[in-house]
Amino acid sequence: MFSEHEEARHMWWVVQGALSYRYKHEPLEVNSKEWIGEAALWLQWRYVGTAVAKISSDLVELDGNAFREIVQADLPQAQRYAKAMFQYAVKNCRRFHDMMPDRVPAHVMAKDIFAPASAFSLKECVPLQKRRLDEWKPAAEDWQDNWTSPWSDSHSLSSSALISTMMTEMKRDVIMVFQTLFSQNLAEKSIYNWPSDTEKDHYEKRVLFLKRLIIMLGMCHVSCTDDDNSTELQPWPYPLASVICHGGRCMLRLQGVQPKEVINWLMLGDKDGNNWERTGVPPGPMYTRLAASHSVKVDATGHLNELKLKGVAGASGRGHNLGMDLPLGGLGNPTPKHPSGSMLVGPAGVPYKQKGQDCVHVKDTQGGGPPLAAGRGSSGPVLPATVGGAGVESHRRVER
C-alpha cells in the first residue's frame with residue numbers, strides 16, 4: 001500500500017477485508033467501511049506509517065490530484081474544509097497519523113462547512129412523537145443515551161456542532177424532566193412496591209414540588225448571565241427543563257412574599273399551609289441540611305449576589321439550609337450505568353434493584369438532591385434554590 005515517509009498521493013476506502021497499519025510501532029487496523037490516507041486529499045503530506053493488506057481486500061482508491069482539481073472547480077467550500085483539516089492536524093500534531101481524522105471529527109468538520117446549523121432552535125429541543133417513534137417515552141435500551149452527553153472535544157472545531165450538541169442535550173433535559181414528573185402516570189401498572197403509605201406520600205409530594213416549581217418558572221421572569229454576579233442579564237432562551245438540569249445554582253428574588261411562604265406553596269400548594277414558628281419545616285420529604293457551599297446577599301444597589309462559603313462559614317445552626325431528594329429520571333426508569341449492575345430510579349433518587357416483588361435499594365449511590373437556603377437581604381427576602389442539581393433563579397449563570 002504505502003511506506004513511511006513516502007509522498008502521499010492517494011486515499012483508500014476499505015470495501016471488504018482489512019488493512020494492517022503500523023505507526024510508531026503501534027499496530028492498528030483499517031476495517032470495512034473505514035478509510036486511510038485522507039490527509040493526501042487536503043494537505044502536502046508524507047505518510048507517517050506503513051500500511052499493508054492484512055487479508056485479501058477490496059479497496060476504492062481516490063487520487064489526490066484529480067480530487068483537488070474537481071473540488072476546486074465545483075465545490076468552493078472545499079477550501080474551508082482544507083483549512084479545517086490543516087488546523088486539526090496542527091492541533092493534534094503529536095499524534096496525527098494516516099488514519100486521522102477518524103469518523104467523529106471528520107463528520108463534525110464536514111457538517112460545519114457543508115451543512116452548518118445556522119442558529120439555535122427551540123423546536124429542535126422538542127422530543128419527536130410520530131407513528132412509530134415517541135421520544136417522550138424512551139425504551140429501556142435508549143435510556144443510557146438520555147443519561148449521557150453527545151459532547152466531545154472535536155465539537156470545539158465547529159460552531160454547528162456546538163449548536164447541535166446543545167439542542168440534543170436540551171431535548172434530553174425535556175425528556176428527563178417529563179419522565180421525572182409523569183413516569184408513574186405513564187405506567188400501565190404500579191412500578192414500585194411501596195413499603196409504606198408514608199413513603200408513597202413523600203414521593204407524591206416530591207413530584208408535586210417539582211411541578212409547582214416549573215409552573216413558577218413558567219409564570220415568572222427567568223434571566224441568565226455568563227459571568228458571576230453580573231448585572232448584564234438576558235432572558236432565558238432555552239427550555240425550562242434545562243433550568244433545572246446541568247447542575248447550576250439558581251437564585252430567586254422575591255418581592256412581596258416571604259421565602260417560607262414560597263416553600264409552603266411549593267411543598268403544600270398553600271402559602272399559609274405550614275406554621276414555621278410552631279412546627280418548623282413543612283411535613284414531608286424536606287429536611288434540614290447541616291451546611292451549604294453557597295449563600296446569597298443583596299448589595300447596596302439591590303442586585304442579588306451569590307457567595308461562595310468557605311470552612312465553617314457554610315455550617316448552618318439555624319435551619320436555613322433545607323434539602324429534598326428527587327427521583328430524577330423518573331421512578332422505575334433505568335439509572336446511568338453503575339458497577340453494581342442494572343438499577344432503577346427510586347422514589348427519593350436512591351437506585352434500587354427489582355428482586356421478585358421486592359425493591360432492594362442500593363444505599364451507596366444517590367440521585368439528585370436539591371439544597372434550598374432561605375435568607376433575607378437588605379432590600380427584601382431572597383430564596384436561592386437548587387433542585388435535582390439545578391433550580392430556580394432570576395439570575396442563572398450559564399457555563400456553556
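**Figure 1. The whole chain at a glance.** Welcome to a predicted model, in which local features need pLDDT of at least 70, side-chain atom pairs count only at pLDDT 80 or more, and totals for chains, interfaces and linings use all residues. Residues are numbered from 1 along each chain as its sequence is written, and side-chain values use heavy atoms, with hydrogens and water left out. The chain's secondary structure comes to nine helices and 19 strands; here helices (H or I, at least four residues) and strands (E, at least two) are DSSP runs, numbered from the N terminus. Of the 400 residues in the chain, 43% are buried, where buried means under 20% relative accessible area, exposed means over 50%, and partly exposed lies in between (1.4 Å probe, protein chains only). Among contacts (heavy atoms within 4.5 Å) with a separation of 6 or more, 67% are between residues 24 or more positions apart.

**Figure 2. An open sheet with strand S1 in its order.** Three strands, in the order S4-S1-S6, make up this open sheet, and their pairing is antiparallel. Two strands count as paired if DSSP finds at least two bridges between them. Strand S4 (35-36) and strand S6 (58-63) are the edge strands, each pairing on one side only. Look for strand S1 (residues 10-16), which two bridges join to S4 in an antiparallel run. Here you can find Trp13 opposite Trp35 in S4.

**Figure 3. An open sheet in the order S3-S2-S5.** This sheet has three strands and antiparallel pairing. Its edges are S3 and strand S5 (50-53), and each of these pairs on one side only. On average, neighbouring strands of the sheet are turned by 25° against each other, direction ignored; axes are lines fitted to C-alpha atoms, for helices over the stretch in contact, and angles run from 0 to 180 degrees between N-to-C directions. Four bridges pair S2 with S5 in the antiparallel sense.

**Figure 4. Two residues in the loop between S2 and S3.** Lys24 sits in the loop between strand S2 (18-23) and strand S3 (26-31), and with 59% relative accessibility it counts as exposed. His25 lies in the loop between S2 and S3 as well. His25 has a positive phi of about 70° although it is not a glycine, and its relative accessibility of 72% makes it exposed.

**Figure 5. Helix H4 meets helix H6.** Two packed helices are described by the angle between their axes and the distance between the axes. For helix H4 (residues 103-114) and H6, the axes come within 7 Å and cross at roughly 105°. H4 and H6 are therefore roughly perpendicular to each other; angles of 65 to 115 degrees count as roughly perpendicular, under 35 as roughly parallel, over 145 as roughly antiparallel, and the rest as oblique. Val108, Lys111 and Asp112 of H4 make the contact with Ser159, Ser160, Ala161 and Ser164 of H6. These residues divide into two nonpolar, three polar and two charged. In this count, Ala, Val, Leu, Ile, Met, Phe, Trp, Tyr, Cys and Pro are nonpolar, Asp, Glu, Lys and Arg are charged, and the others, Gly among them, are polar.

**Figure 6. A closer look at Ala161.** Ala161 is found in helix H6. Is Ala161 buried or exposed? Ala161 is buried, with a relative accessible area of 7%. Leaving aside neighbours within four places in sequence, Ala161 is in contact with Val108 and His155. Ala117 is 44 residues away from Ala161 in sequence, while the two are 7.8 Å apart in space, C-alpha to C-alpha.

**Figure 7. Helix H6 meets helix H7.** The axes of helix H6 (residues 159-186) and helix H7 (residues 197-219) come within 10 Å, crossing at roughly 135°. H6 and H7 are therefore oblique to each other. On the H6 side, the contact includes Val177, Leu181 and Phe182, and on the H7 side it includes Tyr203, Val207 and Ile214. The residues of this contact comprise seven nonpolar, three polar and one charged.

**Figure 8. The hairpin of S11 and S12.** Strand S11 (residues 294-298) pairs with strand S12 (residues 304-308) in the antiparallel sense over five bridges. Within this pairing, Lys297 stands opposite Asn305 in S12. The hairpin has five residues between its strands, and Gly302 in the turn has a positive phi of about 90°.
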